[in-house]
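Please look over the sequence and the model shown below.

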Amino acid sequence: MAASTLTEVGPGAVTEAVGAPAVRLGQVSKSFGRPGAAQTVLDGISLDVAPGEFVCLLGASGCGKSTLLNLVAGLDRPSSGTIEVPGGRPALMFQEHALFPWLTAGRNVELALRLRGVPRAERRERAERLLDLVRLRGAHGKRVHELSGGMRQRVALARALAQASPVLLMDEPFAALDAITRDVLHEELTHLWSETRLSVLFVTHNVREAVRLAQRVVLLSSRPGRIAREWTIDLPQPRRIEDPGVSDLSVEITEHLREEIRRHGQN
Amino acid sequence: MAASTLTEVGPGAVTEAVGAPAVRLGQVSKSFGRPGAAQTVLDGISLDVAPGEFVCLLGASGCGKSTLLNLVAGLDRPSSGTIEVPGGRPALMFQEHALFPWLTAGRNVELALRLRGVPRAERRERAERLLDLVRLRGAHGKRVHELSGGMRQRVALARALAQASPVLLMDEPFAALDAITRDVLHEELTHLWSETRLSVLFVTHNVREAVRLAQRVVLLSSRPGRIAREWTIDLPQPRRIEDPGVSDLSVEITEHLREEIRRHGQN
Amino acid sequence: MARTEADAGTAGPPGGGPDAGSARPRGGQDRSEHPDLAGLEAGLDALETRAPVRASLGGVLLNKVLPPVVAVVLVVGAWQIAAAADVKPDYMLPGPLDVWDSLADLWYEGTLFEVIWHSVSRGALGFAASLAIGTPLGLLVARVRAVRAAIGPVLSGLQSLPSVAWVPAAIIWFGLNDSTIYAVVLLGAVPSIANGLIAGVDQVPPLFLRAGRTLGATGLRGIRYVLLPAALPGYLAGLKQGWAFSWRSLMAAELIASSPDLGIGLGQLLENARTNSDMSGVLAAIWLILIVGIGIELLVFAPLERRVLRSRGLLAGTS
Amino acid sequence: MARTEADAGTAGPPGGGPDAGSARPRGGQDRSEHPDLAGLEAGLDALETRAPVRASLGGVLLNKVLPPVVAVVLVVGAWQIAAAADVKPDYMLPGPLDVWDSLADLWYEGTLFEVIWHSVSRGALGFAASLAIGTPLGLLVARVRAVRAAIGPVLSGLQSLPSVAWVPAAIIWFGLNDSTIYAVVLLGAVPSIANGLIAGVDQVPPLFLRAGRTLGATGLRGIRYVLLPAALPGYLAGLKQGWAFSWRSLMAAELIASSPDLGIGLGQLLENARTNSDMSGVLAAIWLILIVGIGIELLVFAPLERRVLRSRGLLAGTS
Amino acid sequence: GYGSRADDGDGEPAPVAAGAEPLSTDQVRLGYFANVTHATPLVGLEKGLIAKELGGTRIKRQVFNAGPAAIEALNAGSIDMSWIGPSPSINGYVRSHGENLRIVAGATSGGASLVVNPDRVRDRNDLEGKRIATPQLGNTQDVALLNYLSGHGYRVDAQTGAGDVKVIRQDNKEIPNSFRRGDLDGAWVPEPTAAKLVSSGGKVLLDERELWPGGRFVTTNLIVSQSFLEEHPDVVEAVLRGSVRTNAWINQHPDQAKATLNSALGEQTGKPLPDEVLDQAFAQVEILDDPLAGTLRDQAEHAVEAGLLDEADLSGIYDLTLLNTVLREEGRATVDDAGLGVG
Ligand SMILES: Nc1ncnc2c1ncn2[C@@H]1O[C@H](COP(=O)(O)OP(=O)(O)OP(=O)(O)O)[C@@H](O)[C@H]1O
Ligand SMILES: Nc1ncnc2c1ncn2[C@@H]1O[C@H](COP(=O)(O)OP(=O)(O)OP(=O)(O)O)[C@@H](O)[C@H]1O
Ligand SMILES: [Mg+2]
Ligand SMILES: [Mg+2]
Ligand SMILES: O=S(=O)([O-])[O-]
């Protein structure tokens, strides 16, 4: 195993009191369907995300990753267990950008500010600063469809940041992008995270992406989703996806993931 | 540079006469738009694909990769230059599966056989053998929407094989899949290619994917698309995407590709 | 085709090419030699696919049948109460029982089914004719750019003219017989059907057309094997609307004229009730027209549409 | 909201949180210290975005205006030839020139605009009322499951009843005045508008609603900021069709009755011409009805729809 | 059970006499309205009196709701002859420049009244500002009302109906309902609409017969398309003979005729008229063979005066030679075309 102890790395160090996690899941379970024929999707998940920590949740298709994020985001309620997010409603980014096409890029960000209660006078300026942060200065008046895929996800990131939530949930945010753009956004995200004090819970299928980004990788099993294993990664940031350390740990995690998947082919 | 000479590797060795390429592009150019305001997308591309060769075409978004494949597939005509595909109409696979949702998986394959003139009596059996080849025995009667993303692309592959063309064109066929499935399909494709005598022209954004799969990687520049550089890869198959050899060459090619992209940010 | 087969002949052993025939592993390898990959794929396939859930019969009854029944019962109940309380005089607001009596009269006179049949058979024939005209027209408009620019707007514009407006012109041109009625029906239904097909064709992802062409489905074969099946959902939606328009136009046309030889349809039933200032007869005719029109939509078109959509996984709740 | 702000307060310096205010680089780093990444992103952005191409005026004229003009000229020409060749006697098939004369008569009598205005103003008012009723109705049906199951089918069923069928009932209930006409128009247009909104709401990607909820747009704010704007394209399509139905129903209703209070509209123009057995008057009225109906659709609804679609990049040919 | 009250078909018109030779054509298509003023065709067809004269030539019946449709059908060649009111006849004739039709006989006179709401209109000087309905712009009753009003010093714009009296054009079928609702203060309408208004509380203010010399004016006449008249005068003559004999029968057996009429109406419209309506309506209508050509000319003049008709040439609208032949055969007085006959 490439890394084994929790180590604080990079400039994104956790500055809050150690005792208060940014997200705390206690024995969370979730079932869908009618009482008689319910299907258990998540089963007894307990997971803490420390303030400022970057955690990647890894699992095969349909293992319940999105369901878990929805629970944390408050879009759905767990069947049992507790979810605490002391910082208030977390920000959430999706695989599809989910920007509103009837608004310009800037107005999308402003809407988030407005719904948060930011007075009108400040919105415009704050939105521009946020766009600036994702290197989209001057894109305020652009329509969503005029932006490239990478730009859209950056605007979505800016909109999520506008919520001013200390917790950012990301549901495969880069899965639909081409590989080049994805690599670039990995760098961008690492950079942003190291500059802000955000706690990030990042869902992905992509082992290399997880190892590239996270401080901690949590592997979920499927049907029902349970925490199968965890890895703490102490490679220094910024990493590259081709780094030998990343590659080695990826090989190891991939083997575990494939083992999980293979189990289902047998029955 | 990791590899520099054309070497025949693996079981997919070229068996045809050396002088007759499977695809030959001679100074191909393509422009779109009205005569006055035409936009040149491809400019003087010359490229041979040898019988049985696996070539990856790499380039940033919008550099004309799909345009080039469309020309080879005969879906469009070049503005100038020559295209020769002695083996007849090539098979083409897309990023989206492009299976017909009004037919079952098996019928999709059978339609390809029927359009090729295979007599009705043989179709069913041949279709089942082709599905078997992509490990989808028993999926003949499944509707497209009942299949997972990976299964759909495998059916699409079976349908492409049903065309019995010696040339297979693939336009980012795995870009929309999740990373795990993509890795698995890489193995599947390498395996299939090494068993058949197919010439493959494979388009991708993903440097690692290209290095993982190809015997030769061709980097296209953007606006207009020109061949910027080529690499011949003599690493043995089957490779893994995390192999150090693959990683090293990926780093090198990525650097070139990024350089290409950066050029456009400046003007 | 010929080229491909010929090449397959030169490229490998007879009957070969990379088709299933020659795709048997070289060097004696077998697919079972990759148990690792096979197991992985089996696992992925198992994880990603699931059988579609079909609603139970009880659920359908509870969710689909009960609410409209309750709604109708409520409406009829309120109506009966209003009528019984004499909110308005009888001749203005007959109660449901009066309307029921009017229907019962038709039933006992033995004319009910005949009247319905007259209209339905005419409607069906008119619809069939609209189909035969609207389909090639729609295809033409959808595929030929100049035709589209020229008559596309007219097709939707025609829907803003009430069917009754056509009646005088239709009588003059076609004479007073079923042709006039059919002409009016056609003018109502053909634009809908053609527009549905146009919308269907427009919604066909270009990807399907390109995929078809690489498979060799060009020209008429492209239309037959790719374009038409791909456009089917939009086409069916157009047919459903086309039926509504057929029926509507037919009723308007039947109001014009009756001849004992042509038989009485629902439109004339309404007109006759009107002539007699028979409000409960008018309401009974309106109910019949509504019920028959909706009934045919629900019994014929809705299942057809649902079946096509379900088989393509386009129906919410099945995938 | 309050929770978030409170937390932002405890989590960092005042006014902070990871919002723009506090997102200034720690440790004095600046964005410009990453010229490498910046250059790469600039390159990617430049490669992937392109300015939408607007068709030139000449192109629009050539492709959009010319074909319908040619089509109209051809039709009118053929018609004039048929009329001149006396295929049918004049009083049965008047030529375009006769129809033109009828229109010219209206013009010189100074009644043309008055007649059109009567109908258009009524149509506009009826449409506005339909809008006011159809919109909340559609929203209710789209969002409340039981209501949908109960009256969803009725809404589309109503469209298979011809407007003229409502006339006798409407006269009885509302009397001989504009209310009757508006009632008929409402019955025609409300279902279209409601159905359009329902379709629009159904087509809203659930992702938008979820995104809205994470941003805090719940309840009425969700409807106002997310649901309604997201459903706008379908709603507009419904409005367009609703207008066609308003107009159609209005014309049917105007055929019934004229009174000095009601004024003469296009429907009465048609009816009067028919009474006079004046075929060229009938055709002139049909043309006027068509032209005004299509004209309003093209001048009001089409640009509105195009603008909305274009601003969202949903118009073919702009993205 | 279903159909237990079905009509067993005894009211069917007599079929073609077996073995009878057809006249110059196999079939004649006759149009009429299901209306008391169309008693001639309703009774004549019901009793087979017209069919009897036609020998082997079959009758195809066509029922219309309104005059314009009948004219349209005649123009389109879908019917050969029709009973119809004078104003559609005039309009059709004038619009076709005298090419499409000829009036060959009369059928009814009278049967139109101004019925008012007695609470709102007490006498003829009380019409100022009132709302009076007629069935259709420019039709017989409309012209009569406009003429009457202008004769009494009320000014009304003929086209819009606005003026000292509001003239409301509304379909006959809707007038009784609007009247009951109180939307109308009165209506100048034909039978049986007038009778219906009376039965729902209206009072006859004026019987149109009072306005005409001899108390007669044309209400229904019989038209034939000119081409049919030229090609098949024998058929037209047979229909005319049937018509004349029917009219004679009706006038001889009024009670029987009334019953037959009502059963024909019931068959045609699904419901017979209530007795009080039928009695009143039938009493107002006079059945005759004379088309009362002079009153048609006067009506046309009134329409021109009201601005509803351009100065029109009606000469040739009548061709009464066949009718007069039939009348002579029957030993009855011939009728006059008031100078509007052919030739
Ligand atoms: N609303 C729902 N009703 C019923 N079943 C649901 C619902 N939402 C999710 N599921 C089921 O829960 C399981 C987990 O779904 P989820 O979307 O969370 O998986 P995931 O890990 O995000 O998958 P992917 O990687 O494909 O995004 C799946 O089997 C899915 O069918
Ligand atoms: N039919 C067309 N008309 C006009 N321009 C076109 C057309 N097809 C492609 N282009 C332009 O040609 C360029 C290359 O497009 P192409 O789709 O070949 O790029 P690509 O390399 O496949 O991009 P991606 O990686 O995003 O798939 C783009 O600028 C595109 O806008
Ligand atoms: Mg998910
Ligand atoms: Mg492409
Ligand atoms: O508008 S109608 O065509 O139904 O009269």
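## Ligand 2

In this predicted model, an oxygen atom of ligand 2 lies 3.2 Å from a polar backbone atom of B:Cys63, a polar contact being a pair of N or O atoms within 3.5 Å.

The ligand is surrounded by 14 residues, the closest being B:Gly62, B:Lys65, B:Ser66, B:Thr67 and B:His205, where a residue is counted if one of its heavy atoms lies within 4 Å of the ligand. Because these residues come from chains B and D, the site is shared between chains. Strand E2 (39–49) and helix H1 (65–73) of chain B each supply at least two residues of the shell, and H1(B) gives the most, with three residues; helices (H or I, at least four residues) and strands (E, at least two) are DSSP runs numbered from the N terminus. By class, the shell divides into four nonpolar, seven polar and three charged residues, with Ala, Val, Leu, Ile, Met, Phe, Trp, Tyr, Cys and Pro taken as nonpolar, Asp, Glu, Lys and Arg as charged, and the others, Gly among them, as polar.

## Ligand 1

Ligand 1 lies between chains A and C, and among the 14 residues that surround ligand 1 the closest are A:Gly62, A:Lys65, A:Ser66, A:Thr67 and A:His205. The largest share of this shell, three residues, comes from H1(A).

An oxygen atom of ligand 1 is 2.5 Å from a side-chain N or O atom of A:Thr67, and another pair, with the side chain of A:Ser61, is at 3.4 Å. Of the 630 Å² that ligand 1 exposes when taken alone, the protein buries 65%.

## Helices of chains C and D

Helix H10 (residues 219–254) of chain C packs against helix H10 (residues 219–254) of chain D at an angle of about 5 degrees, with their axes 15 Å apart; axes are lines fitted to C-alpha atoms over the stretch in contact, and angles run from 0 to 180 degrees between N-to-C directions. H10(C) is therefore roughly parallel to H10(D), a description used for angles under 35 degrees.

The contact (heavy atoms within 4.5 Å) involves C:Gln241, C:Phe245, C:Arg248 and C:Ser249 of H10(C) and D:Gln241, D:Phe245, D:Arg248 and D:Ser249 of H10(D).

## Conventions

Residues are numbered from 1 along each chain as its sequence is written, while chains are lettered from A and ligands numbered from 1 in the order in which they are written. Local features need pLDDT of at least 70 and side-chain atom pairs count only at pLDDT 80 or more, whereas totals for chains, interfaces and linings use all residues, and side-chain values use heavy atoms, with hydrogens and water left out.

Conventions
A polar contact is a pair of N or O atoms within 3.5 Å; within protein, one must be able to donate a hydrogen and the other to accept it, and residues adjacent in sequence count only if both atoms are side-chain atoms. Accessible areas come from the Shrake-Rupley method with a 1.4 Å probe; for residues, only the protein chains shown count as cover. Angles under 35 degrees count as roughly parallel, over 145 as roughly antiparallel, 65 to 115 as roughly perpendicular and the rest as oblique.
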